[in-house]
Amino acid sequence: MSFPEGFLWGGAVAANQVEGAWDVDGKGMSVEDVVAFKPKVDVKDYKANASVTLAGIREAMADTDLTYYAKRRGIDAYHRWREDLALFAEMGFKCLRLSIAWTRIFPTGEEEEPNEAGVAFYEEVLAEMVRLGIQPLVTLSHYEMPLALALKYNGWADRRLIDCFERFARVCFERFGAYAKLWLNFNEIDSLIRHPFTTAGIIEDLCGERGLRATCYQAAHHQFVAGARVTKALREMIPDAKMGLMLTKLTTYPRTCAPADVVATQQKNLENLFYADVQVFGEYPAMILRRLETEGISIDMEPGDLEVIRENTVDFVSFSYYMSMTESVDPNAERTPGNTVLGVKNPYLPTSDWGWQVDPVGLRVSLIELYDRYRKPLIVVENGLGAHDTVEEDGSIHDPYRIDYFRAHIADIGKAIDAGVEVMGYTSWGPIDLVSANTNQMSKRYGFIYVDEDDLGNGTLERSRKDSFHWYQKCIKSNGEDLD
Ligand code: BG6
(Lines give C-alpha, C1' and ligand atoms only; values in the text may rest on other atoms or scores of the structure.)
Protein backbone atom coordinates (compact mmCIF):
# COMPACT_ATOMS: atom_id res chain seq x y z
CA MET A 1 0.00 0.00 0.00
CA SER A 2 1.22 3.38 -0.88
CA PHE A 3 0.61 6.12 1.63
CA PRO A 4 2.73 9.01 0.40
CA GLU A 5 5.60 10.40 2.41
CA GLY A 6 4.40 13.16 4.69
CA PHE A 7 0.91 11.69 4.89
CA LEU A 8 -0.97 13.50 7.65
CA TRP A 9 -1.88 10.79 10.14
CA GLY A 10 -3.77 11.98 13.15
CA GLY A 11 -7.10 12.64 14.78
CA ALA A 12 -9.91 15.18 14.89
CA VAL A 13 -11.85 16.84 17.70
CA ALA A 14 -14.20 19.80 18.06
CA ALA A 15 -13.96 22.41 20.79
CA ASN A 16 -17.55 21.96 21.93
CA GLN A 17 -17.12 18.22 22.38
CA VAL A 18 -13.90 18.26 24.37
CA GLU A 19 -13.11 21.58 26.01
CA GLY A 20 -15.87 21.99 28.60
CA ALA A 21 -15.17 25.14 30.67
CA TRP A 22 -18.23 26.60 29.00
CA ASP A 23 -18.27 29.79 31.09
CA VAL A 24 -14.59 30.19 31.90
CA ASP A 25 -12.26 33.08 30.98
CA GLY A 26 -14.95 35.13 29.32
CA LYS A 27 -16.38 32.47 27.02
CA GLY A 28 -19.91 33.19 25.79
CA MET A 29 -22.69 30.63 25.47
CA SER A 30 -22.70 28.68 22.24
CA VAL A 31 -25.58 26.90 20.56
CA GLU A 32 -24.30 23.55 21.82
CA ASP A 33 -24.35 24.76 25.43
CA VAL A 34 -28.16 24.68 25.40
CA VAL A 35 -28.63 21.24 23.83
CA ALA A 36 -29.21 18.65 26.52
CA PHE A 37 -28.58 14.93 26.78
CA LYS A 38 -32.05 13.40 26.74
CA PRO A 39 -31.85 9.99 28.42
CA LYS A 40 -35.44 9.14 27.56
CA VAL A 41 -35.12 9.84 23.86
CA ASP A 42 -34.17 6.99 21.55
CA VAL A 43 -30.49 7.74 20.99
CA LYS A 44 -30.82 6.62 17.40
CA ASP A 45 -33.42 9.31 16.67
CA TYR A 46 -31.22 12.20 15.62
CA LYS A 47 -34.21 14.47 14.93
CA ALA A 48 -35.43 14.17 18.51
CA ASN A 49 -31.91 14.88 19.67
CA ALA A 50 -31.32 17.83 17.35
CA SER A 51 -34.67 19.60 17.76
CA VAL A 52 -34.85 22.78 19.82
CA THR A 53 -37.52 25.35 20.50
CA LEU A 54 -37.19 28.93 21.66
CA ALA A 55 -38.84 27.97 24.96
CA GLY A 56 -36.42 25.04 25.34
CA ILE A 57 -33.45 27.35 24.77
CA ARG A 58 -34.67 29.83 27.38
CA GLU A 59 -35.16 27.00 29.83
CA ALA A 60 -31.65 25.71 29.16
CA MET A 61 -30.17 29.17 29.60
CA ALA A 62 -31.72 29.45 33.03
CA ASP A 63 -30.38 26.05 34.03
CA THR A 64 -26.77 26.18 35.14
CA ASP A 65 -26.55 22.53 36.11
CA LEU A 66 -24.06 20.49 34.13
CA THR A 67 -25.55 17.02 34.52
CA TYR A 68 -27.55 16.97 31.30
CA TYR A 69 -25.48 19.51 29.40
CA ALA A 70 -22.55 17.30 28.59
CA LYS A 71 -20.99 19.75 26.12
CA ARG A 72 -20.63 22.29 28.90
CA ARG A 73 -18.36 19.77 30.61
CA GLY A 74 -16.77 18.10 27.59
CA ILE A 75 -13.81 16.06 28.81
CA ASP A 76 -12.31 19.15 30.43
CA ALA A 77 -9.71 19.44 27.68
CA TYR A 78 -9.60 23.17 28.43
CA HIS A 79 -7.60 22.26 31.51
CA ARG A 80 -6.11 18.92 30.43
CA TRP A 81 -5.02 19.69 26.87
CA ARG A 82 -1.31 19.31 27.59
CA GLU A 83 -1.79 15.74 28.74
CA ASP A 84 -4.02 15.01 25.73
CA LEU A 85 -1.53 16.46 23.25
CA ALA A 86 1.26 14.44 24.86
CA LEU A 87 -0.77 11.25 24.32
CA PHE A 88 -1.43 12.20 20.69
CA ALA A 89 2.29 12.82 20.23
CA GLU A 90 3.02 9.43 21.81
CA MET A 91 0.79 7.83 19.16
CA GLY A 92 2.89 9.62 16.56
CA PHE A 93 0.29 12.11 15.30
CA LYS A 94 1.47 14.27 12.44
CA CYS A 95 -1.71 16.30 12.44
CA LEU A 96 -4.56 17.21 14.78
CA ARG A 97 -7.79 18.69 13.54
CA LEU A 98 -9.31 20.98 16.16
CA SER A 99 -11.79 23.81 16.11
CA ILE A 100 -11.70 27.27 17.63
CA ALA A 101 -14.71 28.00 19.83
CA TRP A 102 -16.02 31.22 18.31
CA THR A 103 -17.47 32.12 21.73
CA ARG A 104 -14.03 32.13 23.37
CA ILE A 105 -12.89 34.76 20.88
CA PHE A 106 -16.13 36.74 20.48
CA PRO A 107 -18.51 35.74 23.30
CA THR A 108 -21.62 37.15 21.63
CA GLY A 109 -20.19 37.32 18.11
CA GLU A 110 -20.51 41.10 17.94
CA GLU A 111 -17.81 42.54 20.21
CA GLU A 112 -15.49 45.09 18.62
CA GLU A 113 -12.40 43.50 20.14
CA PRO A 114 -11.58 39.82 20.71
CA ASN A 115 -11.50 38.28 24.18
CA GLU A 116 -7.76 38.11 24.83
CA ALA A 117 -8.04 35.21 27.30
CA GLY A 118 -9.62 33.08 24.58
CA VAL A 119 -7.00 34.06 22.03
CA ALA A 120 -4.20 33.31 24.48
CA PHE A 121 -5.63 29.83 25.15
CA TYR A 122 -5.47 28.80 21.50
CA GLU A 123 -2.07 30.46 20.98
CA GLU A 124 -0.68 28.27 23.73
CA VAL A 125 -2.34 25.09 22.44
CA LEU A 126 -1.25 25.65 18.84
CA ALA A 127 2.31 26.55 19.82
CA GLU A 128 2.57 23.34 21.83
CA MET A 129 1.25 21.31 18.91
CA VAL A 130 3.88 22.75 16.63
CA ARG A 131 6.55 22.07 19.23
CA LEU A 132 5.43 18.43 19.33
CA GLY A 133 5.56 18.17 15.54
CA ILE A 134 1.76 17.96 15.21
CA GLN A 135 0.45 20.09 12.39
CA PRO A 136 -2.78 21.94 13.23
CA LEU A 137 -5.75 21.64 10.89
CA VAL A 138 -8.15 24.25 12.16
CA THR A 139 -11.92 24.29 11.67
CA LEU A 140 -13.35 27.77 12.08
CA SER A 141 -16.91 26.67 12.72
CA HIS A 142 -17.80 23.27 14.17
CA TYR A 143 -21.33 23.49 15.64
CA GLU A 144 -20.40 26.13 18.22
CA MET A 145 -21.50 29.57 17.05
CA PRO A 146 -22.48 32.20 19.62
CA LEU A 147 -25.97 31.58 21.00
CA ALA A 148 -26.48 35.35 21.08
CA LEU A 149 -26.33 35.43 17.26
CA ALA A 150 -28.93 32.68 17.05
CA LEU A 151 -31.32 34.52 19.37
CA LYS A 152 -30.81 37.97 17.91
CA TYR A 153 -30.66 37.19 14.19
CA ASN A 154 -31.92 33.62 13.83
CA GLY A 155 -28.32 32.72 13.10
CA TRP A 156 -27.17 32.38 9.53
CA ALA A 157 -30.65 33.20 8.25
CA ASP A 158 -29.46 36.79 8.56
CA ARG A 159 -26.90 38.26 6.22
CA ARG A 160 -25.18 40.16 9.01
CA LEU A 161 -23.63 36.88 10.12
CA ILE A 162 -21.24 37.09 7.18
CA ASP A 163 -19.48 40.13 8.67
CA CYS A 164 -19.47 38.62 12.16
CA PHE A 165 -17.85 35.45 10.86
CA GLU A 166 -15.29 37.29 8.78
CA ARG A 167 -14.26 39.37 11.80
CA PHE A 168 -13.80 36.17 13.81
CA ALA A 169 -11.87 34.46 11.02
CA ARG A 170 -9.56 37.45 10.53
CA VAL A 171 -8.63 37.40 14.22
CA CYS A 172 -7.90 33.66 13.94
CA PHE A 173 -5.72 34.15 10.86
CA GLU A 174 -3.87 37.08 12.41
CA ARG A 175 -3.24 35.45 15.77
CA PHE A 176 -2.91 31.77 14.84
CA GLY A 177 -1.58 31.98 11.28
CA ALA A 178 2.01 31.51 12.41
CA TYR A 179 1.10 28.00 13.64
CA ALA A 180 -1.75 26.86 11.41
CA LYS A 181 -1.48 26.56 7.63
CA LEU A 182 -4.42 24.26 6.99
CA TRP A 183 -7.92 25.61 7.57
CA LEU A 184 -11.51 24.48 7.13
CA ASN A 185 -14.37 26.95 6.98
CA PHE A 186 -17.56 25.12 8.09
CA ASN A 187 -17.71 21.63 9.48
CA GLU A 188 -20.18 19.50 7.50
CA ILE A 189 -21.75 22.53 5.86
CA ASP A 190 -24.42 20.25 4.33
CA SER A 191 -25.71 19.37 7.83
CA LEU A 192 -27.37 22.78 7.96
CA ILE A 193 -30.44 21.24 6.36
CA ARG A 194 -30.52 18.34 8.83
CA HIS A 195 -29.77 20.08 12.12
CA PRO A 196 -30.14 23.81 11.42
CA PHE A 197 -29.76 24.96 15.01
CA THR A 198 -26.35 23.53 15.80
CA THR A 199 -24.94 24.09 12.31
CA ALA A 200 -26.35 27.55 11.70
CA GLY A 201 -28.15 28.83 14.79
CA ILE A 202 -31.54 28.64 13.07
CA ILE A 203 -34.53 28.37 15.43
CA GLU A 204 -37.65 27.13 13.69
CA ASP A 205 -39.91 29.36 15.81
CA LEU A 206 -38.16 32.41 14.34
CA CYS A 207 -38.43 31.38 10.68
CA GLY A 208 -41.76 33.12 10.10
CA GLU A 209 -43.56 32.86 6.77
CA ARG A 210 -40.51 31.79 4.91
CA GLY A 211 -40.50 28.52 6.83
CA LEU A 212 -37.61 26.38 8.00
CA ARG A 213 -36.60 24.73 4.74
CA ALA A 214 -36.34 27.93 2.68
CA THR A 215 -34.55 29.63 5.59
CA CYS A 216 -31.95 26.87 5.57
CA TYR A 217 -31.10 27.41 1.91
CA GLN A 218 -30.86 31.15 2.50
CA ALA A 219 -28.50 30.46 5.39
CA ALA A 220 -26.43 28.12 3.24
CA HIS A 221 -26.02 30.96 0.74
CA HIS A 222 -24.76 33.22 3.50
CA GLN A 223 -22.29 30.54 4.55
CA PHE A 224 -21.06 30.13 0.95
CA VAL A 225 -20.45 33.88 0.71
CA ALA A 226 -18.81 33.94 4.14
CA GLY A 227 -16.68 30.91 3.27
CA ALA A 228 -15.47 32.60 0.09
CA ARG A 229 -14.78 35.87 1.89
CA VAL A 230 -12.64 34.19 4.53
CA THR A 231 -10.77 32.22 1.87
CA LYS A 232 -9.93 35.56 0.26
CA ALA A 233 -8.83 36.93 3.62
CA LEU A 234 -6.71 33.84 4.30
CA ARG A 235 -4.88 34.23 0.99
CA GLU A 236 -4.14 37.87 1.74
CA MET A 237 -3.10 37.33 5.33
CA ILE A 238 -1.27 33.95 5.22
CA PRO A 239 -0.16 33.35 1.63
CA ASP A 240 1.27 29.89 2.36
CA ALA A 241 -1.94 28.63 4.00
CA LYS A 242 -4.68 26.55 2.40
CA MET A 243 -8.44 26.52 2.83
CA GLY A 244 -10.59 23.43 2.53
CA LEU A 245 -14.27 22.67 2.56
CA MET A 246 -15.75 19.99 4.81
CA LEU A 247 -18.62 17.75 3.75
CA THR A 248 -20.51 14.93 5.47
CA LYS A 249 -19.99 12.29 2.79
CA LEU A 250 -23.30 10.48 2.82
CA THR A 251 -22.53 7.94 0.14
CA THR A 252 -25.81 6.34 -0.89
CA TYR A 253 -26.30 3.23 -3.03
CA PRO A 254 -29.54 2.24 -4.73
CA ARG A 255 -31.22 -0.51 -2.69
CA THR A 256 -32.03 -2.34 -5.91
CA CYS A 257 -31.23 -1.86 -9.58
CA ALA A 258 -34.83 -0.80 -10.23
CA PRO A 259 -34.46 2.47 -12.19
CA ALA A 260 -36.76 4.28 -9.74
CA ASP A 261 -34.35 3.42 -6.90
CA VAL A 262 -31.41 4.59 -9.00
CA VAL A 263 -33.04 7.95 -9.70
CA ALA A 264 -33.98 8.45 -6.03
CA THR A 265 -30.40 7.64 -5.06
CA GLN A 266 -28.98 10.01 -7.64
CA GLN A 267 -31.08 12.85 -6.20
CA LYS A 268 -29.83 12.11 -2.69
CA ASN A 269 -26.22 12.13 -3.74
CA LEU A 270 -26.62 15.33 -5.79
CA GLU A 271 -28.15 17.13 -2.82
CA ASN A 272 -25.24 16.01 -0.63
CA LEU A 273 -22.60 17.06 -3.17
CA PHE A 274 -24.25 20.42 -3.86
CA TYR A 275 -22.56 22.00 -0.85
CA ALA A 276 -19.14 20.95 -2.09
CA ASP A 277 -19.91 21.76 -5.74
CA VAL A 278 -20.50 25.43 -4.91
CA GLN A 279 -17.21 25.71 -3.05
CA VAL A 280 -15.09 23.86 -5.60
CA PHE A 281 -16.68 24.98 -8.87
CA GLY A 282 -17.54 28.46 -7.60
CA GLU A 283 -21.12 28.32 -8.83
CA TYR A 284 -24.50 26.90 -7.94
CA PRO A 285 -25.37 23.68 -9.79
CA ALA A 286 -28.15 24.44 -12.29
CA MET A 287 -30.13 21.36 -11.27
CA ILE A 288 -30.23 22.42 -7.62
CA LEU A 289 -31.39 25.91 -8.57
CA ARG A 290 -34.11 24.39 -10.74
CA ARG A 291 -35.25 22.13 -7.92
CA LEU A 292 -35.41 25.00 -5.44
CA GLU A 293 -37.42 26.99 -7.96
CA THR A 294 -39.84 24.09 -8.35
CA GLU A 295 -40.23 23.98 -4.58
CA GLY A 296 -40.96 27.72 -4.57
CA ILE A 297 -37.72 28.53 -2.73
CA SER A 298 -35.88 31.65 -3.81
CA ILE A 299 -32.53 32.73 -2.43
CA ASP A 300 -31.86 36.42 -1.84
CA MET A 301 -28.48 37.33 -3.27
CA GLU A 302 -26.74 40.67 -3.31
CA PRO A 303 -24.64 42.04 -6.17
CA GLY A 304 -21.13 40.65 -5.84
CA ASP A 305 -22.15 37.44 -4.03
CA LEU A 306 -21.73 35.18 -7.02
CA GLU A 307 -18.44 36.86 -7.96
CA VAL A 308 -16.90 36.34 -4.54
CA ILE A 309 -18.02 32.70 -4.58
CA ARG A 310 -16.56 32.23 -8.06
CA GLU A 311 -13.25 33.92 -7.33
CA ASN A 312 -12.46 32.25 -3.99
CA THR A 313 -12.90 28.53 -4.34
CA VAL A 314 -11.24 26.11 -1.94
CA ASP A 315 -7.78 24.52 -2.23
CA PHE A 316 -8.70 21.07 -0.98
CA VAL A 317 -11.68 18.91 -0.11
CA SER A 318 -12.16 17.28 3.27
CA PHE A 319 -14.97 15.10 4.46
CA SER A 320 -16.30 12.88 7.21
CA TYR A 321 -17.18 9.31 6.44
CA TYR A 322 -18.71 6.89 8.92
CA MET A 323 -21.10 4.73 6.99
CA SER A 324 -22.92 4.34 3.70
CA MET A 325 -26.67 4.25 3.19
CA THR A 326 -29.02 2.84 0.61
CA GLU A 327 -32.09 4.45 -0.89
CA SER A 328 -35.31 2.91 -2.12
CA VAL A 329 -38.70 4.13 -3.27
CA ASP A 330 -40.32 1.26 -1.40
CA PRO A 331 -42.03 2.85 1.62
CA ASN A 332 -41.82 -0.45 3.49
CA ALA A 333 -38.08 -0.87 3.08
CA GLU A 334 -36.37 -1.49 6.42
CA ARG A 335 -34.58 1.58 7.74
CA THR A 336 -31.52 2.16 9.89
CA PRO A 337 -29.93 5.31 11.32
CA GLY A 338 -26.71 6.83 10.15
CA ASN A 339 -24.94 10.10 10.87
CA THR A 340 -27.95 12.47 11.14
CA VAL A 341 -29.82 10.49 8.52
CA LEU A 342 -32.29 7.66 8.47
CA GLY A 343 -31.64 5.51 5.44
CA VAL A 344 -32.63 2.20 4.02
CA LYS A 345 -30.83 -0.81 5.41
CA ASN A 346 -28.23 -2.54 3.30
CA PRO A 347 -28.49 -6.33 3.82
CA TYR A 348 -24.80 -6.81 3.01
CA LEU A 349 -23.45 -4.64 5.84
CA PRO A 350 -23.09 -5.05 9.60
CA THR A 351 -24.15 -2.19 11.86
CA SER A 352 -22.53 -0.50 14.85
CA ASP A 353 -24.01 -0.36 18.37
CA TRP A 354 -25.82 2.79 17.19
CA GLY A 355 -27.18 1.22 14.00
CA TRP A 356 -24.69 2.86 11.62
CA GLN A 357 -23.73 0.58 8.74
CA VAL A 358 -20.06 -0.32 8.63
CA ASP A 359 -18.78 -0.10 5.06
CA PRO A 360 -15.03 0.38 4.48
CA VAL A 361 -15.40 -0.11 0.74
CA GLY A 362 -17.80 2.83 0.77
CA LEU A 363 -14.89 5.00 1.93
CA ARG A 364 -12.93 3.96 -1.15
CA VAL A 365 -15.99 4.61 -3.31
CA SER A 366 -16.30 8.07 -1.73
CA LEU A 367 -12.65 8.95 -2.29
CA ILE A 368 -12.77 7.88 -5.92
CA GLU A 369 -16.02 9.72 -6.54
CA LEU A 370 -14.82 12.96 -4.91
CA TYR A 371 -11.47 12.93 -6.66
CA ASP A 372 -13.00 12.17 -10.01
CA ARG A 373 -15.51 14.97 -9.56
CA TYR A 374 -13.31 17.69 -8.06
CA ARG A 375 -9.65 16.85 -8.95
CA LYS A 376 -8.55 18.43 -5.67
CA PRO A 377 -6.40 16.89 -2.94
CA LEU A 378 -8.59 15.08 -0.42
CA ILE A 379 -8.28 14.57 3.30
CA VAL A 380 -10.44 12.28 5.38
CA VAL A 381 -11.01 14.42 8.45
CA GLU A 382 -13.46 12.20 10.32
CA ASN A 383 -13.90 8.44 10.42
CA GLY A 384 -14.35 6.13 13.35
CA LEU A 385 -16.54 3.79 15.33
CA GLY A 386 -18.76 4.91 18.19
CA ALA A 387 -19.00 1.88 20.49
CA HIS A 388 -19.50 0.78 24.09
CA ASP A 389 -16.19 -0.06 25.80
CA THR A 390 -15.62 -2.14 28.91
CA VAL A 391 -12.90 -1.37 31.43
CA GLU A 392 -11.42 -4.61 32.79
CA GLU A 393 -10.56 -5.05 36.44
CA ASP A 394 -6.92 -4.31 35.78
CA GLY A 395 -7.88 -1.11 33.96
CA SER A 396 -7.18 -2.38 30.46
CA ILE A 397 -9.62 -1.78 27.60
CA HIS A 398 -9.74 -4.33 24.81
CA ASP A 399 -11.41 -2.89 21.71
CA PRO A 400 -10.75 -5.29 18.81
CA TYR A 401 -13.97 -4.07 17.11
CA ARG A 402 -12.47 -0.59 16.84
CA ILE A 403 -9.16 -1.92 15.51
CA ASP A 404 -11.07 -3.96 12.92
CA TYR A 405 -13.00 -0.88 11.85
CA PHE A 406 -9.87 1.24 11.42
CA ARG A 407 -7.86 -1.53 9.79
CA ALA A 408 -10.49 -2.04 7.11
CA HIS A 409 -11.09 1.65 6.44
CA ILE A 410 -7.41 2.53 6.27
CA ALA A 411 -6.80 -0.41 3.93
CA ASP A 412 -9.45 0.98 1.61
CA ILE A 413 -7.84 4.42 1.66
CA GLY A 414 -4.66 2.66 0.56
CA LYS A 415 -6.54 1.05 -2.31
CA ALA A 416 -7.94 4.41 -3.37
CA ILE A 417 -4.42 5.88 -3.33
CA ASP A 418 -3.21 2.94 -5.39
CA ALA A 419 -6.01 3.68 -7.85
CA GLY A 420 -4.60 7.20 -8.30
CA VAL A 421 -6.55 9.29 -5.79
CA GLU A 422 -4.58 12.10 -4.12
CA VAL A 423 -5.13 11.80 -0.37
CA MET A 424 -3.24 14.19 1.91
CA GLY A 425 -4.14 12.69 5.24
CA TYR A 426 -6.41 10.91 7.64
CA THR A 427 -7.59 12.30 10.96
CA SER A 428 -9.73 9.75 12.77
CA TRP A 429 -12.72 11.11 14.67
CA GLY A 430 -12.41 11.40 18.42
CA PRO A 431 -8.94 9.95 19.05
CA ILE A 432 -9.87 10.54 22.68
CA ASP A 433 -13.39 9.75 23.98
CA LEU A 434 -15.54 12.86 23.73
CA VAL A 435 -19.16 13.96 23.95
CA SER A 436 -21.23 12.69 21.03
CA ALA A 437 -22.44 15.45 18.71
CA ASN A 438 -25.81 13.85 18.00
CA THR A 439 -26.74 12.30 21.32
CA ASN A 440 -24.62 14.17 23.89
CA GLN A 441 -23.52 10.83 25.30
CA MET A 442 -20.11 9.96 26.66
CA SER A 443 -20.94 6.26 26.40
CA LYS A 444 -20.70 6.45 22.60
CA ARG A 445 -16.94 6.15 22.60
CA TYR A 446 -14.67 6.75 19.60
CA GLY A 447 -11.28 7.08 21.26
CA PHE A 448 -7.97 5.31 21.24
CA ILE A 449 -7.79 6.97 24.64
CA TYR A 450 -10.43 6.21 27.25
CA VAL A 451 -11.82 9.00 29.44
CA ASP A 452 -13.34 8.05 32.77
CA GLU A 453 -16.60 9.98 32.53
CA ASP A 454 -20.17 8.74 32.12
CA ASP A 455 -23.21 10.29 30.44
CA LEU A 456 -24.12 12.28 33.54
CA GLY A 457 -20.63 13.53 34.25
CA ASN A 458 -19.57 11.05 36.93
CA GLY A 459 -15.95 9.90 36.82
CA THR A 460 -12.39 10.97 37.45
CA LEU A 461 -11.73 12.22 33.87
CA GLU A 462 -8.58 10.15 33.99
CA ARG A 463 -7.19 9.18 30.55
CA SER A 464 -6.01 5.65 29.70
CA ARG A 465 -4.76 3.85 26.62
CA LYS A 466 -7.03 1.29 24.92
CA ASP A 467 -5.59 -1.56 22.82
CA SER A 468 -6.39 0.47 19.73
CA PHE A 469 -3.96 3.16 20.98
CA HIS A 470 -1.03 0.83 20.43
CA TRP A 471 -2.46 -0.39 17.13
CA TYR A 472 -2.79 3.12 15.70
CA GLN A 473 0.67 4.02 16.97
CA LYS A 474 2.07 1.09 14.98
CA CYS A 475 0.01 1.99 11.93
CA ILE A 476 1.36 5.55 11.94
CA LYS A 477 4.93 4.46 12.59
CA SER A 478 4.82 2.19 9.56
CA ASN A 479 3.08 4.87 7.45
CA GLY A 480 0.07 2.61 7.02
CA GLU A 481 2.08 -0.49 6.07
CA ASP A 482 1.51 -2.42 9.29
CA LEU A 483 -2.21 -2.84 9.88
CA ASP A 484 -2.05 -6.19 11.72
C1 BG6 B 1 -19.77 14.37 12.60
C2 BG6 B 1 -19.47 15.60 13.40
O3 BG6 B 1 -20.98 14.57 11.97
O4 BG6 B 1 -19.99 13.18 13.27
C5 BG6 B 1 -18.83 15.32 14.74
O6 BG6 B 1 -18.68 16.50 12.67
C7 BG6 B 1 -19.52 14.15 15.38
O8 BG6 B 1 -18.92 16.49 15.50
C9 BG6 B 1 -19.35 12.92 14.49
O10 BG6 B 1 -19.11 13.88 16.67
C11 BG6 B 1 -19.93 11.63 15.04
O12 BG6 B 1 -21.25 11.82 15.44
P13 BG6 B 1 -21.69 11.41 16.91
O14 BG6 B 1 -23.10 11.84 17.04
O15 BG6 B 1 -21.52 9.95 16.99
O16 BG6 B 1 -20.81 12.17 17.83
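A residue is taken to be near a molecule if one of its heavy atoms lies within 4 Å of it. In this predicted model, 15 residues surround the ligand. The closest of them are E188, A437, N438, K444 and Y446. By class, the shell around the ligand comprises 6 nonpolar, 6 polar and 3 charged residues.

For N438, a polar side-chain atom is placed 2.4 Å from a ligand oxygen. For E188, the distance from a polar side-chain atom to an oxygen atom of the ligand is 2.5 Å. In the case of Q17, an N or O atom of the side chain is 2.8 Å from an oxygen atom of the ligand.

The ligand on its own has 380 Å² of accessible area, of which the protein covers 99%.

## Helix α17 and its buried side

Helix α17 spans residues 467-477. Its buried residues are S468, F469, W471, Y472, C475 and I476. Because these residues cover an arc of only 165° around the axis, they lie on the same side of α17.

Several elements contribute to the cover over the buried residues of α17. Among the strands are β1 (8-12), β12 (423-429), β13 (449-451) and β14 (463-465). The helices α5 (77-91) and α16 (400-418) are also included in this cover. Just after α17, N479 adopts a positive phi of about 50°.

## Positive phi values in two loops

D76 occupies the loop between α4 (70-73) and α5. Its phi is near 60°, a positive value in a residue other than glycine. Is D76 buried or exposed? With 17% relative accessibility, D76 counts as buried, again because the value falls under 20%.

Note on methods:
Residues are numbered from 1 along each chain as its sequence is written. This is a predicted model: local features need pLDDT of at least 70, side-chain atom pairs count only at pLDDT 80 or more; totals for chains, interfaces and linings use all residues. Side-chain values use heavy atoms; hydrogens and water are left out. A polar contact is a pair of N or O atoms within 3.5 Å; within protein, one must be able to donate a hydrogen and the other to accept it, and residues adjacent in sequence count only if both atoms are side-chain atoms. Accessible areas come from the Shrake-Rupley method with a 1.4 Å probe; for residues, only the protein chains shown count as cover. Ala, Val, Leu, Ile, Met, Phe, Trp, Tyr, Cys and Pro count as nonpolar, Asp, Glu, Lys and Arg as charged, and the others, Gly among them, as polar. Buried means under 20% relative accessible area, exposed over 50%, partly exposed in between (1.4 Å probe, protein chains only). Helices (H or I, at least four residues) and strands (E, at least two) are DSSP runs, numbered from the N terminus. The arc is that of the directions from the helix axis to the C-beta atoms. Contact means heavy atoms within 4.5 Å.
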